[in-house]
Amino acid sequence: MNALSLRSLLRGCGGSVRREKLVSLVLVGFAALTFTVPARAQNYKVENINVPGAGGTFLGGTSVWHVNNLGEMGGWYGINDGNVGSFVRYQAGRIVTFNSPKQGNGPTSGTWAMGLNDQGDTTGVIFQQTYGFYQNFIRKADGTFISFPQPGLCATQVDNGCMGYGASQINDLGMVAGTYLDDNRVYRSFIRYPNGRMESFDAPGATSTAGSYGGTQLDIGVANVMNQLGAITGTYSDDSGLTHGFVRWPNSTFSTFDVSGPGVAQPIQGTFPQSINDLGVVVGYYIDANGLFHGFTRQLNGKMTSFDAPDGGTAPGSYTGTLAVNLNIFGEIVGIYTDAAGHGHNFIRYPNGKIYEFDPPGYVNDAEAFGINAEGVVVGNSVNDDIGTESGRYGFALVPKL
């Protein structure tokens, strides 16, 4: 039995097995598996991903943020009038675009897809007016929409209640995880269960100081912040402003952690988990006291490993280096490294520790690798900074040749 068939089996019994029992079954099942990491020859074919009609000078072009284990890809795209739409690209190359019926009009208004599961369901954010309030959405694979606010009040000020990060990820059980800014201007995170019940949570040690803009946050949109069992990873800031990592397990307990070596002199320094896979392995990055980024992995037993892309910048104070963004069930990691000149490039780190650096075809001066699935398909974007960081985008998929 392989990992995907095991997950499919458990997903099928999800309605009749309590979550705690489901987690136990999965952990036992994973322990019994012999995982053979695919031998990825560094030989790929590249597919350009461009949504018909995408364009504009503000948020213009196509941004591919995620790929599921069926090879379906999703993200958002800019339209010439400044609105934003979302899309799913299927294996055969067919692209379906969509907008929530509740979205607003004007620049930045629209529908922003942030997460995609193996069922083909997406989740994300609906902007209802220019730089204004929003709701979260779930779009089912059949095209039906569910919209919902995050927990807490919706005040009349832009950065209160209904403003923040929003829904980030949906798993195959239909659980949605995200972040919001409460009326005290403190970040909190939430889970929405398939029955519609909402639950807020705060990491132990997270600040609750009003007006601090600190608290508990999940990465927005590009990373698998929640795995198929409902384990969630993210960051929290303490009362001193230092950033730490956490995992919230399906039984609501927490593991908090710091990578050995993060800086402590400034709030921007610290530990920033990005993604968690179904084995409980976490990847992310930390910022050291010299202002440099480094990637890390954290195993289920708490063991930490840090790493750097060979061509990442190393000048103190440059805020360059290596950012691990996502990983798959086999422990293959994708991310971004910034070179000495401040330009972004992509990398894949294999389980044996070897790192493959690459730029997509047509690369000008910046690129972002955000997603990787169990087949080793990598997705991301190329950005031409010469015409602005929020325009000139196109998506790509890096597909291993077997």
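The structure is a predicted model, in which local features need pLDDT of at least 70 and side-chain atom pairs count only at pLDDT 80 or more, while totals for chains, interfaces and linings use all residues. Residues are numbered from 1 along each chain as its sequence is written, and side-chain values use heavy atoms, with hydrogens and water left out.

The protein has 2 helices and 28 strands, where helices (H or I, at least four residues) and strands (E, at least two) are DSSP runs numbered from the N terminus. Of its 402 residues, 59% count as buried, a term that means under 20% relative accessible area, whereas exposed means over 50% and partly exposed lies in between (1.4 Å probe, protein chains only).

An open sheet is formed by 4 strands in the order 10-11-12-13, with antiparallel pairing; two strands pair if DSSP finds at least two bridges between them. Strand 10 (166-170) and strand 13 (198-201) stand at the edges with a single partner strand each, so one side of each is left without a neighbour in the sheet. Strand 12 (residues 187-192) pairs with strand 13 in the antiparallel sense over 4 bridges, and Ser189 stands opposite Phe201 in strand 13.

Aromatic rings of Phe, Tyr and Trp (its six-membered ring) pair if their centres lie within 6.5 Å, and planes under 30 degrees apart count as stacked, over 60 as edge-to-face and the rest as tilted. By this rule the count comes to 18 aromatic pairs. The rings of Trp65 and Phe370 have centres 6.1 Å apart and planes at 75°, so this pair is edge-to-face. The pair links distant parts of the chain, since Trp65 lies in strand 2 (residues 62-67) and Phe370 in strand 26 (residues 367-372), 305 residues apart. Trp65 counts as buried at 12% relative accessibility, and Phe370 is buried with a relative accessible area of 9%. Phe201 and Phe246 form an edge-to-face pair, with 6.2 Å from centre to centre and 80° between the planes, and both Phe201 and Phe246 are buried.

The ring of Phe201 also has the charged end of Arg248 over it, 4.9 Å from the ring centre; a charge sits over a ring if NZ of Lys or CZ of Arg is within 6 Å of the ring centre and within 35 degrees of the ring normal.
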